[in-house]
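Visitor: Could you walk me through this model, from the side chains out to the fold?
Guide: Gladly; have a look at it first.

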Amino acid sequence: MILFWVVLLIFAAVALATIIVPSSKSIVPSSKSTSADRLYPPLENPTSGLRLLVVQPGKGSQPIKCTLESSTFFEKPTYTALSYTWGSPNKTRTIKVDGRKIEIRDNLYNALQHIRNPKQPITLWVDAISINQNDVNEKNQQVPLMAFIYSRSVEVVVWLGSHKSPDYMTTMNAYHYHEEHKIPLQETAWMSIEPFIYRLTHEEYWKRAWIIQEIGMATSIKVLFGKEHLPWTNFIDLVRRYQARTPTDVAANRILKLASMRESKYAGGETYSLSNLLDTFRDCFCGVQHDKVYAFLGMANDHFTGDITVNYSQPTSSIYSDVIQFQNLHSSDNIETQIGMLYFSGLVRRLLSRESGLKKKEKKSFLFDSQGDSWMSWWATNQFTISLTDDDNQSNAFLGFLMLDGIALLFRWAVSFVRTPKFEMTTFWHASKPEDVALWHGDGDLEGIKIRGVIVSLVEHIGPLERDILGTFETKERLRADLAKVFPRKEDLVKAIGRNERLMDILEHPSPSRTRNIISFEAARSTEPASLRIFVGSDMTMGVVPPNVKVGDYICQFWNSTASAVLRNRDQIAGTGVEGGDEKSVWRYEVVGRAGIVRGVEKGEEGNDWDRPGKREVFGEKGEGAVELVDFRRYRSSLRIALHIYFQVV
């Protein structure tokens, strides 16, 4: 009884001390305070200078002590750039910088703890400390330099967290394994190596937007995990072996895509263009929406300082306008850019508006996985050194260690019922929401955007209202009867009924993205949904159009987009081209609305969405078939509305 009261008093004393005694941790102060000035030494020139973190010698649990120094690129400083993920803001640790205690996030603390040298100081560039994150003006000046900072570093260290590699990899040095060890590495030893590679490739680090530039611009890369490390090329070799066995693993494919981009660094071409970078790495995450664009500016080979200004104070709609204007400047004589402009505009809006969240990470389970501690792992390591006289002994040893690992697995399973399991969180994208018209319309000047489309159909018949088709069986059957009148030939009717069935599948199983903006441009400010109508066009094109569409209007498609424009002849003007010795006349069109259409379905396609043309050659100088190319530079007022609101890539 006395012991009970003693323990209770001790707990009470600890709780009281927690309440009364203030925390010794301090938060990095605001840049407006005098203490912040002491923490951040001034940059001689923020556009050509940087701060370097000098980590003092230490090891293990010894406190981390650092100094923060200013330098310039003219001084040719020697430093290592750290590439890592910030991690949760709720988990922080304390380090000393110039004698002052500051809080940093737990993942950065672990990285510094493992990267420091026990005998001599090391010089690092670490974004969370080297840039005053509370000073927006400084961020606006330093962020454009980050690609240059990483390219000038002697080495980039990729920190993947604390992981223990299998005994086989440690003892046999499997990173540089010899030819005779290839089979064991791929077969027996892979039982212990595969879980290890899985953990490394599924780190949240690989989802970050900023690492694309940090890895892409690095001259030399070292992948650090706990106390051990791998050169980048050896790490990628292991990932390729893992991916060959698990080809559907999204995480491994993401890393190999990054490796492929890095291998083309000196090849030039479109790989490092801003549009390709934004599209290729569109699913990367970042804490600030602005960084979905800013994270790629420094490495884009078609972007130069001043083309797009980094400004964290401006709204995302202004960034959208800046990016589209930038892309438009590069499309003057580039038909390929004009062809992809509509898709690109929708991509940028999606990047700047997508919302991410956190959920519990689901982990793949492995039989022989105990963070590198496994009897099978030990056997794979030592089977080359222990003396076994024949294959039977080899098999018996294998089965023996297999049973030991099975027993260990059962023990861990039993323990899991009495110990609360630890789980990690992973980022994911929320489902897309309907775009806010007011968000993208009217903030930036998008006059004169060059975009290229192709006329694919002429509206020949206007059918019933969409709501009547879905509301009454009689109307649906009447539409089928009308098709028999329009297509009297049996083979044509069979094809038309097939397309009608595809149209009905889309309308009867709608998603908010499929019909929300199929309205006339005159109804742009209307809050009531338009009454869509079914139409049948030339070449058996079918779909839905806004109510203001007339027989004789044209349907215009755009590359890789489900958005189709309804065009109406305005007048005919003299063109600049010469055809057959005579000046070629050009029609000017009025954009009257947006449509959703269905045409042919390629073999293997589901066909449960509006037609999305994927062949770029159709939109080129010599498009296939009897189609007319439309250059939207002539229709500025209509296109401005279209590009801002209606032609959305979903």
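Visitor: Is Trp232 buried or exposed?
Guide: Buried means under 20% relative accessible area, exposed over 50% and partly exposed in between, for a 1.4 Å probe and protein chains only. Trp232 has a relative accessible area of 7%, so this residue is buried.

Visitor: What kind of model is this?
Guide: Residues are numbered from 1 along each chain as its sequence is written, and side-chain values use heavy atoms, with hydrogens and water left out. Local features need pLDDT of at least 70, side-chain atom pairs count only at pLDDT 80 or more, and totals for chains, interfaces and linings use all residues: the model is predicted.

Visitor: What is the angle between the planes in the pair of Trp232 and Phe235?
Guide: Rings of Phe, Tyr and Trp (its six-membered ring) pair if their centres lie within 6.5 Å; planes under 30 degrees apart count as stacked, over 60 as edge-to-face and the rest as tilted. The count comes to 11 aromatic pairs. One of them joins Trp232 and Phe235, 6.1 Å centre to centre and tilted, with the planes at 40 degrees.

Visitor: Why are Trp232 and Phe235 separated by about one helical turn, and in which helix?
Guide: Helices (H or I, at least four residues) and strands (E, at least two) are DSSP runs, numbered from the N terminus. An α-helix has 3.6 residues a turn, so residues three or four places apart point the same way. Trp232 and Phe235 are about one helical turn apart because 3 residues separate them in residues 232–245, helix H11.

Visitor: What is the relative accessibility of Phe235?
Guide: Phe235 belongs to one aromatic cluster with Tyr205, Trp206 and Trp232. Phe235 counts as buried, because its relative accessibility is 0%.

Visitor: Phe281 and Phe296 also form an aromatic pair; is it stacked or tilted?
Guide: The ring centres of Phe281 and Phe296 are 6.4 Å apart, and with 15 degrees between the planes the pair is stacked. This pair links distant parts of the chain, 15 residues apart: Phe281 is in the loop between helix H13 (274–280) and helix H14 (291–297), and Phe296 is in H14. Phe281 has a relative accessible area of 4% and is buried. Phe296 is buried at 2%, and the type of the pair is stacked.

Visitor: Which charged end sits over the ring of Trp429?
Guide: A charge sits over a ring if NZ of Lys or CZ of Arg is within 6 Å of the ring centre and within 35 degrees of the ring normal. Lys139 meets this over Tyr312, 4.6 Å from the ring centre. Over Trp429, at 4.1 Å from the centre, the charged end is that of Arg354.

Visitor: Which strands stand at the edges of the open sheet of 9 strands?
Guide: Two strands pair if DSSP finds at least two bridges between them. The order in this sheet is S5-S4-S2-S1-S6-S3-S7-S8-S9, with mixed pairing. Each edge strand has a single partner, so one side of each is left without a neighbour in the sheet; these strands are S5 (100–105) and S9.

Visitor: How many residues of H3 are buried?
Guide: The buried residues of H3 include Leu108, Tyr109 and Ile115. This helix is largely enclosed by the rest of the structure, because the buried residues number 7 of the 10.

Visitor: How far from Cys284 is the nearest cysteine sulfur?
Guide: A disulfide is a pair of cysteine sulfur atoms within 2.5 Å, and the count here comes to 0. Cys284 is in no disulfide, and the nearest cysteine sulfur, that of Cys286, lies at 8.7 Å.
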